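Have the viewer open while you read.

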Amino acid sequence: RVVCIKVGVAYERTLEFGKVTEGEVKKVFSMAGKGISPSDEKRFEDYIFRMIVEKAAEKDLPIQIHTGMHAGSGNILANSNPLLLNNLFLEYPDARFDIFHGGYPFSRELGVLAKNFPNVYLNFCWLPVISPTAAKNCLDEWIELVPNNKLLWGGDCLRVESAYGSVLFAKQVVSEALAEKVEKGYLGEADAVDLAKKIFRENAWELFNLDQRGH
């Protein structure tokens, strides 16, 4: 009943995952923790992460990846730029990537990635809580740029109270963005309602194969 793999390593390291040979990894593994440099550690992690991506693709499990702003302070923001994942999107076309937090503040970059890659989905969980204004502005662009089956939202919360609050923020942001699109004539009312259903349910239901997984 597992529906996806979630990766939050951008808090500890860069999202750039290079190609590493099996021989290089065996050499690091054989060191048994002695004299391992930061570059050795990164190569080992890169190799293991790529194995996870391959296995997830085999099992048809989407891979959720934290990008953009970190919770808390004092981290290296450049490590979580979704553009660092570009090579993985190219190299693993059968893997499906659910990219978190709208990539904020790299939201335009993520929008283009979601438009250009069939295997990249744009999840703007947390963003309406970070800034409702930023979330609405981003969604205003994404509706025009990203295929509507690629936009989704999730709570990404640990507690029921924060989950409920996140839903309220997200509904407000989505309803305002869609209402403006209808007022400007970009969307019809029926199209706006349909897109809201896709954002809050249908796209995630399809991405995670919830029918097949018995949910």
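This is a predicted model: local features need pLDDT of at least 70, side-chain atom pairs count only at pLDDT 80 or more; totals for chains, interfaces and linings use all residues.

Residues are numbered from 1 along each chain as its sequence is written, and side-chain values use heavy atoms, with hydrogens and water left out.

The sheet is open and has five strands in the order S1-S2-S3-S4-S5, with parallel pairing. At its edges sit strand S1 (5-7) and S5, each of which pairs on one side only. Strands here are DSSP runs of E with at least two residues, helices are runs of H or I with at least four, and both are numbered from the N terminus. Two strands count as a pair if DSSP finds at least two bridges between them. In general, strands of a sheet pair through backbone hydrogen bonds, either parallel or antiparallel.

Now follow the pairings across. Strand S2 (residues 63-65) is joined to S3 by three bridges, and Ile63 has Phe97 as its bridge partner in S3. Strand S3 (residues 97-99) in turn pairs with S4 in the parallel sense, over three bridges, with Ile99 partnered by Leu122 in S4. To get from S3 to S4 the chain passes through helix H4 (residues 107-116), and this β-α-β crossover is right-handed: with the strands pointing away from the viewer, the path from the first strand over the helix to the second runs clockwise. S4 also has two bridges to strand S5 (residues 151-152), running parallel; there the partner of Leu122 is Leu151.

How do the side chains of S4 (residues 120-123) point? Val120 and Leu122 go one way, Tyr121 and Asn123 the other, and all are buried (under 20% relative accessible area; exposed is over 50%, partly exposed in between, with a 1.4 Å probe and protein chains only).

Cys125 counts as buried because its relative accessible area is 1%. Setting aside residues up to four places away in sequence, Cys125 touches Phe100, His101, Trp153, Gly154 and Asp156 (contact means heavy atoms within 4.5 Å).

Finally, visit helix H2 (residues 38-58), where Ile52 is found. Ile52 counts as partly exposed because its relative accessibility is 35%.
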